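Visitor: I have a structure to go through today. Could you walk me through it?

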Amino acid sequence: MIDRLKTNRRKTAYHVTRATKGASANIVAGVAVAALLGAGLVFPTIARAQMPPDIAEKIAAIGRVVDPENTGKIYTPLQEKEPYAGVKVTRDVKYGNDARNVVDIFVPETGAAGRPVLMFVHGGGMIRGNKRPPGSAFYDNIMLFAARRGMVGVNVEYRLAPQFPWPAGNEDLAAAVRLVADKAADLGADPNRIYLMGHSAGATHVASYVSHPEFHGPKGSGLAGAILSSGGYDFTKDEQSEGRIAYFGSDPALLAQRSAVAGLIKTSIPLMMSSAELDPPPIAAQSALLKDALCKSEHGCVRSIVLPKHSHMSESYAINTADTQLSDQILEFIKTRK
């Protein structure tokens, strides 16, 4: 289920001592590995933890649907609550003129400069969604995962259709990436190690930005890599949703031009893909389509994982919990760029 992951490196288990007893499991994991590796990206050597059986049973009961509410009820108790120890959080930093042109930035309070950056783009079917709904643990969880492992986390808000159709998402991501690069020194970040991750419609936006270099500007994309998690990439194959029509339009010729696959197989930007075993069938088909197209192209196969027992929403909601199936792969990708 995991491509391009066969390596000769031996993994050794790291056992946390009694000195950390009583601390948050997520904080303990980050601190312990940081002590081993020192400054820079924190890369765990512990074996990848699987989905706990009780959670797997609840996710299976939800089924192959997109259900943020009930999935959130499962994962919210497993996530950290504010205030977040050891992390400086700056909310709603502007990168454009619209009220939704804002990012949240999470920076570790300790550690050396030159940190990688993990930017995250949420989903919502192109017409809804929020980087952090009121009272929600999501998607602060992905920012905390980044900060706890020696990275800067940047949670991206963006304009929505139908008010802002294509190419508003490309324009917003380009501007957000430029903001991060411009502020890299202040954030202790390395502007040459910016990784852009998107989930669901967010992955569609990331794929669209990566695959359409006309939006990259004179200095290029600004990305060291992109992570595509259960998105949509080819809009010529299936009946389109209300949100995709609102954003991309319904003209077949325009849908072909605005699809991402043709550009993704040509890009030199390193890519990683993830999907969930319980993704809705149309979303699973899009992931399989892109994976196959990349493998058959000159670009070649990329790191790709199908998360067993996970659903569309648990794929992201599980990040920064004891289930590290996806987060460990993200760290390996950021470390190796492949």
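Visitor: What share of the residues of the protein count as buried?
Guide: This is a predicted model, and in it 55% of the 338 residues count as buried.

Visitor: And what does the secondary structure come to?
Guide: The secondary structure of the protein comes to 13 helices and nine strands.

Visitor: Switching to pockets, how much space lies in the largest pocket?
Guide: The largest pocket holds about 800 Å³ of space, and among the 40 residues that line it, Val 66, Gly 124, Gly 125, Ser 200 and His 312 are the closest to its centre. The elements that give two or more residues to this lining are α3 (68-75), α7 (201-211), α8 (242-248) and α11 (281-296).

Visitor: Which classes does that lining have?
Guide: The lining of the largest pocket has 14 nonpolar, 21 polar and five charged residues.

Visitor: OK, rings now. How many aromatic pairs does a search of the whole structure find?
Guide: The search finds eight aromatic pairs. In one of them, the rings of Tyr 139 and Tyr 317 have centres 5.9 Å apart and planes at 55 degrees, so this pair is tilted; Tyr 139 sits in the loop between β4 (115-121) and α4 (140-148), whereas Tyr 317 belongs to helix α12 (residues 314-317), 178 residues apart.

Visitor: Is Tyr 139 buried or exposed?
Guide: Tyr 139 is buried, with a relative accessible area of 8%, and Tyr 317 is buried as well, at 7%.

Visitor: Which residues do ring pairs link into a cluster?
Guide: Ring pairs link Phe 120, Phe 138, Tyr 139 and Tyr 317 into a cluster.

Notes: Residues numbered from 1 in each chain as written. Predicted model: local features only at pLDDT ≥ 70, side-chain atom pairs only at ≥ 80, totals over all residues. Heavy atoms only, no water. Helix = DSSP H or I, 4+ residues; strand = E, 2+ residues; numbered from the N terminus. Buried < 20%, exposed > 50% of the residue type's maximum accessible area, 1.4 Å probe, protein only. 1 Å grid on protein atoms, 1.4 Å probe; cavity = no way out; pocket = protein on both sides within 12 Å on 5 of 7 lines; lining within 4 Å. Points joined across faces, edges and corners; volume = space filled by probe spheres on them. Nonpolar A, V, L, I, M, F, W, Y, C, P; charged D, E, K, R; others polar. Phe/Tyr/Trp six-rings, centres within 6.5 Å; stacked < 30°, edge-to-face > 60°.
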